[in-house]
Amino acid sequence: MVEAGGNGSSAPPPATPYEKALAALSSLITKRSRADKSNKGDRFDLLFDYLKILELEEPIAQMKIIHVAGTKGKGSTCTFTESILRHCGFRTGLFTSPHLIDVRERFRLDGVDINEERFLAYFWWCFERLEEKATDDIPMPTYFRFLALLAFKIFAEEQVDVAILEVGLGGRFDATNVVQAPVVCGISSLGYDHMEILGNTLGAIAGEKAGIFKSRVPALTVPQPDEAMRVLEEKASRLDVPLQLVRPLDPNMLNGLKLGLEGEHQFVNAGLAIALSSTWLQRTGHLEYPEHSTSLPEQYIKGLTAKVSLQGRAQIVPDRFINSESPEDLVFYLDGAHSPESMEICARWFSHSVQPPGTSRSSHDWVQRHPIETVRKNSEQVDALFYKPWRYSFSSYCYQEKYVDKNLQILLFNCMSVRDPQLLLPNLMKTCASHGVYFKKALFVPNTSVNHKVGSHSLPPTDSQVDLSWQFALQKVWENLMMCNKGGDDNSAGTVREELTDDKEIAVKSCENSAVFPSLPSAIQWLRDSVRQSKSVRFQQVLVTGSLHLVGDVLRFIKK
């Protein structure tokens, strides 16, 4: 119906109660700097005022909490831990971040996202009380702080037996660190990320993560680089914290079953989850798990091998909206890796996933080689990426004409401008090349979601309004990598053109090995067109990585 007296456009539908809540939540997103030591944790002490307002001090003190920080794998560790304890018969609450599609993904009760009705009830109870008490001295909490407070309210009211909390960023000044007496703490793999906030060395980063340690509360960690491990040990010693090193899970202990999360690196996270669960059970008087047992309890195996939900991490999603003989013709491999170390892990997982059966190394071999070496952010090591022993295989990368089992590997990439593509892209490329996987084309796109609004209906600017300067910079890095050591032979471009639909009409800037698209939908449409029109390629395998925001955008687009 046309609105009377209007300009011919339809009136927008009224907002639903859920959309109103998301709008209120969006109002808490600020452009203030994140909490760090330079701004005294962005007034971290305010969190204790919020707890008083919401009457959460006593409920949190009574909560049986597992608190996990880390650079890589903390979400997977928390997910495994929740599943183990749920299969042991406990009512579980899990708080993770970020969400990819719906904010309710962050709050899980017994392994399931909180339903809309309960979310709205708890949301408005917290929001209205905080808004009523807000003053200049105690303003409304910022976005993530509110979500953490909401998690505490949900878990308290739902009377969970165990609350598993994933740190959002860092540890010391994270909103989850209002917890004063967790049952056990965990530190997953550490690496270089958020250095503008946490520090430029592994020692500084480890010090921030160790900020979740509490006096005499057991802490568990996985194998770490020496610099990081020394800091963890120093912090633990200072607080009289018993710090235990946990080895990766031996795959043989699963009795032939597969982990519920994809990727060989998950054996590291599974090992930490087993130790966290066992320590929690022991300290809460429920069970003592033999430390050196050669077998796992049945409940543990069920928890580790059950199909668990952790979207955007080593996730494989076929494109069901393509009009072809098989939905497998276009498959998206989604992983939100965004640090040099996680990019290497992502590349190994992708390479393993697209290889024909029988050509990849075993999980046991990978576990024996852990931990992987880390990449430092300095110019000497960036140069080393280009000139060390992988140079020869990298040269062959530029001319590689074959692809795995007549499949075509495509990269769909974006990352935040605070990341260094000179560290991310070479690490991704060289690791894939070492496994015989070569990208025929790299596509660079801006994120679809906007960072100042919550919800799947957050619309980006139109294509003509998007600033693509960052995508052009990423493309330049990729083209330089592809041209590295390239001789006079220029036949690879012809091969790409034969196997892929011409992108010049739809792409903003198309080069020999890459293209910048003005939007994610335009890039996916080009991929679909290429699959429909190609006669020589069995199907396209698209690795989506560099940003969890991009991964979430892809999931929303291909599932809607």
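**Note on the predicted model: helix packing, sheets and selected residues**

1. Helix α13 (residues 340-354) packs against helix α17 (residues 421-434) at an angle of about 30 degrees, and their axes are 8 Å apart. That makes α13 roughly parallel to α17, where angles under 35 degrees count as roughly parallel, over 145 as roughly antiparallel, 65 to 115 as roughly perpendicular and the rest as oblique. Axes here are lines fitted to C-alpha atoms, for helices over the stretch in contact, and angles run from 0 to 180 degrees between N-to-C directions. Helices (H or I, at least four residues) and strands (E, at least two) are DSSP runs, numbered from the N terminus.

2. This is a predicted model, in which local features need pLDDT of at least 70 and side-chain atom pairs count only at pLDDT 80 or more, while totals for chains, interfaces and linings use all residues. Residues are numbered from 1 along each chain as its sequence is written, and side-chain values use heavy atoms, with hydrogens and water left out.

3. The crossing of α13 and α17 is right-handed; a crossing is left-handed if the near helix is turned anticlockwise from the far one by less than a right angle, and right-handed if clockwise. On the α13 side, Pro340, Glu341, Met343, Glu344, Ala347, Arg348, Phe350 and Ser351 meet Leu423, Leu424, Asn427, Leu428, Thr431 and Cys432 of α17, contact meaning heavy atoms within 4.5 Å. By class, the contact of α13 with α17 has eight nonpolar, three polar and three charged residues. In this division Ala, Val, Leu, Ile, Met, Phe, Trp, Tyr, Cys and Pro count as nonpolar, Asp, Glu, Lys and Arg as charged, and the others, Gly among them, as polar.

4. Phe119, Tyr122, Phe123, Trp125, Cys126, Phe127 and Leu130 in α6 meet Phe146, Leu149, Leu150, Lys153, Ile154 and Glu157 in α7. The residues of this contact divide into 11 nonpolar, no polar and two charged.

5. For the protein chain as a whole, there are 21 helices and 15 strands. Of its 560 residues, 57% count as buried, where buried means under 20% relative accessible area, exposed over 50%, and partly exposed in between (1.4 Å probe, protein chains only). Among contacts with a separation of 6 or more, 78% are between residues 24 or more positions apart.

6. An open sheet of eight strands has the order β4-β3-β2-β5-β1-β6-β7-β8, with mixed pairing; two strands pair if DSSP finds at least two bridges between them. Strands β4 (112-113) and β8 (243-245) stand at the edges, each with a single partner strand, so one side of each is left without a neighbour in the sheet. Within the sheet, β1 (residues 65-69) and β5 pair in the parallel sense over four bridges, and Ile65 stands opposite Ala163 in β5.

7. Strand β9 (residues 315-318) runs antiparallel to β10, to which four bridges join it, and Gln315 stands opposite Leu334 in β10. Strand β10 (residues 330-334) is mostly covered, with five of its five residues buried. Leu330, Phe332 and Leu334 point one way from β10, and Val331 and Tyr333 the other way.

8. The peptide bond from Ser97 to Pro98 is cis, with omega near -5 degrees, and Pro98 is found in the loop between β2 (92-95) and β3 (107-109). Asp110, in the loop between β3 and β4, has a positive phi of about 50 degrees although it is not a glycine; Asp110 is partly exposed, with a relative accessible area of 28%. Ala314, in the loop between α12 (298-305) and β9, likewise has a positive phi, near 50 degrees, but Ala314 is buried at a relative accessible area of 5%.

9. Asn177 is found in the loop between β5 (162-166) and β6 (184-187) and counts as buried at 5% relative accessibility. Leaving aside neighbours within four places in sequence, Asn177 is in contact with Phe44, His67, Gly171, Arg172, Gly211, Ile212 and Lys214.

10. Glu234 lies in helix α10 (residues 226-238) and counts as partly exposed at 46% relative accessibility. The C-alpha atoms of Glu234 and Ala210, 24 residues apart along the chain, are separated by 9.7 Å.
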